[in-house]
Amino acid sequence: MAVEKLLKDEATEEKGERARMASFVGAMAIADLVKTTLGPKGMDKILQSTGRGHSVTVTNDGATILKSLHIDNPAAKVLVDISKVQDDEVGDGTTSVVVLAGELLREAEKLVNAKIHPMTIISGYRMAAECAKNALLEKVVDNKLDAEKFKADLMKIAMTTLSSKILSQDKEHFAKLAVDAVMRLKGSTNLEAIQIIKKPGGSLKDSFLDEGFILDKKIGVGQPKRIENAKILVANTAMDTDKVKIYGARVRVDSMAKVAEIEVAEKEKMREKVQKIINHGINCFVNRQLIYNFPEELFADAGVLAIEHADFDGIERLALVTGGEIASTFDNPESVKLGHCKLIEEIMIGEDKLIHFSGVEMGQACTIVLRGASPHMLDEAERSLHDALCVLSQTVNDSRVLLGGGWPEMVMAKAVDELARKTPGKRSHAIEAFSRALVAIPTTIADNAGLDSAELIAQLRAEHHKEGSTAGIDVISGSVGDMSELGISEAFKVKQAVLLSATEAAEMILRVDEIITCAPRRREDRM
Amino acid sequence: MALAFDEFGRPFIILKEQEQKTRLRGLDAQKANIASGKAVARILRTSLGPKGMDKMLQSPDGDVTITNDGATILEQMDVDNQIAKLMVELSRSQDYEIGDGTTGVVVMAGALLEQAEKLLEHGIHPIRIAEGYELASRIAFEHLEHIAHKFEFSATNIEPLIQTCMTTLSSKIVNRCKRSLAEIAVKAVLAVADLERKDVNLDLIKVEGKVGGKLEDTELIYGIVVDKDMSHPQMPKQIEDAKIAILTCPFEPPKPKTKHKVDIDTVEKFQTLRQQEQKYFDDMVQKCKDVGATLVICQWGFDDEANHLLMHRNLPAVRWVGGVELELIAIATGGRIVPRFQELTPEKLGKAGLVREKAFGTTKDRMIYIEHCANSRAVTIFIRGGNKMMIEETKRSLHDALCVARNLIRNNSIVYGGGSAEISCSVAVEAAADKYPGVEQYAIRAFADALDAIPMALAENSGLQPIETLSAVKSQQIKENNSCCGIDCNDTGTNDMREQNVFETLIGKQQQILLATQVVKMILKIDDVISPSDY
């Protein structure tokens, strides 16, 4: 007799070989999808959202591409997840991590077909990953002590990161921007202090780093457009109608005259509040919430510059930059810390008026103004710059640096190969496979650049046979080149994260021998 | 079938709308039930042991879970069949009671059902089989006690505990760093354990996870980690020797429960009300300051004004802290949870040596660490890992390890793992079977065969020849009279589980056998299944 149905109606179950097939295929499909974006000559993708307006994104950033995909395959979701984590944790290498995991699975598939148990493959991969990490650790360069060299390192890393993005034309310009911005942070990884303002118009080259702080707001009517030696009060308070917060309070009147009285009282209250604020001895007032016309007028009368409705991040950053505190009550002016800056003025970028604070007390924060031909361009530029900033800020903390251009992969592959030769048993097949997967990354870079990858990789392998080689792929000239001369560097932290996350993800997918998909939750039909 | 005849020979209907129901009776019903029970066991069978595989589960909302934990697999499987649901319950109760061995118990029940099916075909009555199983389970239960070893450990010698936790962890994906995780689990349990009463409150161990970093970065914090940040961005990020006021009242004007209205009809009233409102905030903050608090942790939100006042008076504060976390903080810092500002006194403040905010990665994630607490009885295990699924799975694995460590503290008897206990029980049950006259003898023998299923599955999952390996080990056990011989899953070259340091808790094993027998008995007793037929 037939076995009773175990699972609910639409639930499916895949077992053994079929499950493994499904997850391999899914994971590799994802890897192949982003593969073409890898490297300096990688191509971009257009993503169109299904939401309203069908907004379009053009990007080269692996994490952004994968985030926007609607994926049904569970194994593919694992890869999307690792790419997201890579983005959150180190900011760059989001494509590499997916490609490497995909290659590891592709190799694993071959091994599984050759009847090697997944657990054996996993234990081989683990040994290989450990060995690869150690190989990298041996080769790292740390220039933390030498400020000059360290800055040069940062510059190189920034250029390398940017070279695969839309900014590659002006990579030197942007690398300098990014390095300057990160150096100002003095070791903190708080990227919030770096503000990026996007203004369409002009060309990418016109982008600049501003030492001060720019607020994308207009100055109120009739208020001074330029203030020197500004004392700034940063506030988060209601400047419309100050609500009575006591629960259940309401106004009940019985005649028009009383309405008028209360209105007067209300105005009086506001006037008092404004007066209190002015009593702080300020000449600039920035509020997070709206400022109504009436108080704005009062401020204008007192010659105070009032800026309303700054967003929360803006307020925080402004407080950080000017050294003031965010105030919400104004009863004791003597103890509130005011922010200071040398000059506030209204400036024009393109057609927009912005407020510029310069000569600020704390030098940490700064603003990068991006200019570009179209919003898509600017969005992508922002993402690329964000990647570069992330990598740089991480590098400032962990200053170990490697060469780029496929060099680390070749170093790891060599070490892993040696390990494979020494390891007895079936695991050595898995270790060998790991080294093949590592080589796939430079191969992809070369392929994407339209070069003869087989030839180049063979040359590279021969070069690396020599001790202490610094050879990598020079995509620009299409040959094997010396990476240290070309100045192509990458952060150790990024490479390590790529290696470990990819291995972890591959391991996770390999361990699965059954996929159970529950029936999708039904949307209720309202038709 | 469901027709009966009254005294005039007219049929009348007992079951309503019977054509819409399907009905299975007698042997058919039992066989159908056994088949579905077996099907569930078959799913879990491959997850058993250190070389067991994982399952990937996709929930109705599309979220993916990858796990090796029997209870989790079954819970997420969206099972429809009633008997299968019983198996799910079985695994869950093992999880609640013991925390580990959730896969084993289902595999065991599946094997018992399989044996029962054969006996049913022989024509043995299901109740007799059930009774035989009951007898056999009692024999096995006692035999386990007989072969169990006492396990000596103390707060200083925790090595044995770690070894046991490692056995649990070795079947999970985290086995790469099982040693360090086992150490973390044992230390955490010992930190909160009450060794005299032999009790451990696992609620005191908080397991937090954050994506990023690597598994090796997982750490044990003697204190609390809260996934929150300071309420005001400019508050100090680090406080030493903090005195913590733990509040469950919001920094907002009070909201009386009775409905009331304050009518404002004159200007004077309007103004008094305003002043009162300002005074409220001032009073609240002042009260906290007066008792000497240097950190305020609040379950509710703050009004903007109150927030600024706190900042202004240099009183850092954390808002929206969950109730459970609040309790843990109270336990750890020795403070009292204060529900009203009026009741705030210096004695009710909690103390912690260091409170700091820590940022992660490139995003805005911040967490607050409360360390060096007055009372270190609450600890946090902070897991890092490459992706969300990894963290979730690590959480589950650590939970298992924590449970095992707790069980050992409660009862320090252990049996050896690797299927050795099952084999030994099987031998004992087999030998005892002959003493029973009557049909039960067959059931008892079947039980012995079913016990072999676990070592068999272990061997199979490890890529060994199941029958060959099992028989070799069994004969070795009898020949050497050594109950520690088990399946050599990791290919280390020895069968002696004492040398391999593979242990399991005695109560865990006993519970497995009892629970599995109970469920099987229940399933065997069903002889009629009435269900609405498919339309």
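Two residues are said to be in contact when heavy atoms of theirs lie within 4.5 Å. Leaving aside neighbours within four places in sequence, Glu325(B) is in contact, in this sense, with Lys206(B), Glu208(B) and Val226(B). The residue belongs to helix α10 of chain B, residues 323–333, where helices (H or I, at least four residues) and strands (E, at least two) are DSSP runs numbered from the N terminus. Glu325(B) counts as buried because its relative accessibility is 15%; buried means under 20% relative accessible area, exposed over 50%, and partly exposed in between, with a 1.4 Å probe and protein chains only.

The model is a predicted one, in which local features need pLDDT of at least 70 and side-chain atom pairs count only at pLDDT 80 or more, whereas totals for chains, interfaces and linings use all residues. Residues are numbered from 1 along each chain as its sequence is written, chains are lettered from A and ligands numbered from 1 in the order in which they are written, and side-chain values use heavy atoms, with hydrogens and water left out.

Chain A has 527 residues, of which 55% count as buried, and its secondary structure comes to 16 helices and 20 strands. Its C-alpha atoms fill a box of roughly 95 × 75 × 40 Å along the principal axes. Among contacts in chain A between residues at least 6 apart in sequence, 74% join residues at least 24 apart.

Within chain B, strand β14 (residues 295–298) is covered on both faces, with Leu295(B) and Ile297(B) buried on one side and Val296(B) and Cys298(B) buried on the other. Strands are taken to pair if DSSP finds at least two bridges between them. By 4 bridges, β14(B) is joined to the parallel strand β12 of chain B, residues 238–247, and here Leu247(B) stands opposite Cys298(B). With β15(B), β14(B) also runs parallel, through 2 bridges, and Val296(B) stands opposite Ala317(B) there.

Helix α9(B) is mostly covered, 8 of its 9 residues being buried, among them Asn307(B), His308(B) and Leu309(B). The cover over these buried residues includes α8 and β15 (317–318) of chain B, together with β12 (326–327) of chain A. After α9(B) comes Asn314(B), whose phi is positive, near 60 degrees.

The contact between the chains involves 83 residues of chain B and 84 residues of chain A. Together the two chains bury about 7,600 Å², 56% of it on carbon and sulfur atoms; buried area is the accessible area (1.4 Å probe) that two parts lose on being put together, summed over both. Across this interface the rule finds 3 salt bridges, a salt bridge being a side-chain nitrogen of Lys or Arg within 4 Å of a carboxyl oxygen of Asp or Glu. Asp54(B) forms a salt bridge with Arg511(A), and the closest N and O atoms are 3.1 Å apart. The elements that give two or more residues to the side of chain B that touches chain A include α1 (26–45), β4 (54–58), α8 (267–290), α9 (304–312) and α11 (388–410) of chain B. Of these, β4(B) runs parallel to strand β20 of chain A (residues 512–517), to which 5 bridges join it, and Gln58(B) in β4(B) stands opposite Thr517(A).
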